[in-house]
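Let's take a walk through this model, starting with how its strands pair up and ending on a single side chain. Keep the viewer open as you read.

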Amino acid sequence: MRIHLLVNTHRADAFAAAKETVRSLRERQVVIAADPESAGLLGVESMGLRALSEADLMVCFGGDGTLIRAADICSEFGTPILGVYFGRFGFVTQCDPHEVGSCLSGFFDGTACFEERMMLQTDLLRATQAIASLHCLNEMALQRAITTRMLVFSVEVDGHHLTSYPADGVMVSTPTGSTAYNLSAGGPIMDPGVRALTLTAIAPHTLSARPLILRPDSEVRLTVQTEGDAILSADGQTRLHLLSGDLVKVTKSPRVTRLLCVDPNDFLRKLAQRLFWSFSIMGDTPPDRSYIDRG
């Protein structure tokens with residue numbers, strides 16, 4: 001049995017929990033390895049990120065950003081992930097620190113259940129040739145560079161020209177990513193169990209732009225109509241500069257992110273707690289916002 005760890009070492013509480021987990025796993029005689037940054041501090045084998053994905057389970061200690069890194073490397077091999085929450089909003093990480101032991105026990109005795117999260121595949125085409133292929137859990141975004149003026153982005157869906165957005169950018173997101181960048185851009189919140197694509201303009205200079213939910217088998221093609229520097233990013237992990245005439249194709253990825261499920265109602269509970277929906281003007285106690293400052 002191999003269990004690998006990915007740790008946000010900038011958080012002392014996440015690192016302390018990882019050390020305690022290492023001690024517990026050694027008692028079970030599990031083979032343990034970790035990312036190069038934390039392996040030496042934890043006293044375990046160090047592995048590069050690609051090799052780190054070849055395990056029976058990946059346990060990541062941090063926020064959603066740490067889990068996004070784990071998804072990027074684990075999805076190719078279908079390695080399941082247990083995300084331990086030490087971040088801010090934590091919509092994807094499901095395991096609270098005090099639940100690590102019980103979650104691992106469920107994994108070892110075979111009673112743990114897993115959920116599969118849809119991912120996106122983004123291909124950058126240059127002269128009809130794919131020069132890059134990216135897979136992401138949350139969203140892909142095509143945006144103007146910070147020093148570039150507003151651009152016009154052409155959108156085609158399933159071979160039909162849909163619209164052209166004068167905007168800072170346009171993104172396509174998954175249901176999992178609906179509570180990430182998509183939420184900040186005014187897109188809809190979707191249950192992560194839904195299979196769909198969401199098309200959302202980023203700061204559009206028009207009153208008619210509205211987010212659009214598409215079938216999961218849709219093919220979205222994006223081009224930049226005006227001159228200026230544009231950047232393609234996937235989950236904020238990879239950034240590629242476009243050249244004139246480049247085309248971006250977005251489809252549902254054949255890969256999925258497998259998450260160890262802790263609470264089937266986790267998503268609905270977090271909507272109430274972390275978006276403050278549970279607070280009403282009828283005299284309810286205001287929600288605890290202190291976790292925002294703990295990130």
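Before we start, one bit of bookkeeping: two strands count as paired here if DSSP finds at least two bridges between them. And keep in mind that this is a predicted model.

With that in hand, find strand 6, residues 113-126, and strand 17, residues 247-261. The two run antiparallel and are joined by 12 bridges. For a handy landmark on this pairing, look at Leu-125, which sits opposite Leu-247 of strand 17. Strand 17 has another partner to look at: strand 14, residues 220-224, pairs with it in the antiparallel sense over three bridges. Here the landmark is Arg-221, which stands opposite Lys-249 in strand 17.

Now zoom out. The protein chain has seven helices and 17 strands in total. Its radius of gyration is 20 Å, close to the 19 Å that the globule rule gives for 295 residues, so the chain is as compact as a globular protein of that length. If you're setting up a box, the C-alpha atoms fill one of roughly 60 × 55 × 35 Å along the principal axes. Of the 295 residues, 49% are buried. As for contacts between residues at least 6 apart in sequence, 65% of them join residues at least 24 apart.

Next stop is helix 4, residues 64-74. Is this helix mostly covered or mostly open? Mostly covered: eight of its 11 residues are buried. Among them are Leu-67, Ile-68, Ala-71 and Cys-74. The cover over the buried residues of helix 4 includes strand 1, helix 3, strand 4 and strand 5, and also strand 6 and strand 17.

Finally, go back to strand 17 and pick out Val-250, which lies in it. Why does Val-250 count as buried? Its relative accessible area is 0%, and the cut-off for buried is under 20%. Setting aside neighbours within four places in sequence, Val-250 is in contact with Leu-120, Gln-121, Thr-122, Met-140, Val-172, Ser-218, Glu-219 and Val-220. Gly-236 gives another distance to check: Val-250 and Gly-236 are 14 residues apart in sequence and 16 Å apart in space, C-alpha to C-alpha.

Notes:
Residues are numbered from 1 along each chain as its sequence is written. This is a predicted model: local features need pLDDT of at least 70, side-chain atom pairs count only at pLDDT 80 or more; totals for chains, interfaces and linings use all residues. Side-chain values use heavy atoms; hydrogens and water are left out. Helices (H or I, at least four residues) and strands (E, at least two) are DSSP runs, numbered from the N terminus. The radius of gyration is taken over C-alpha atoms; the globule rule is 2.2 Å times the number of residues to the power 0.38. Buried means under 20% relative accessible area, exposed over 50%, partly exposed in between (1.4 Å probe, protein chains only). Contact means heavy atoms within 4.5 Å.
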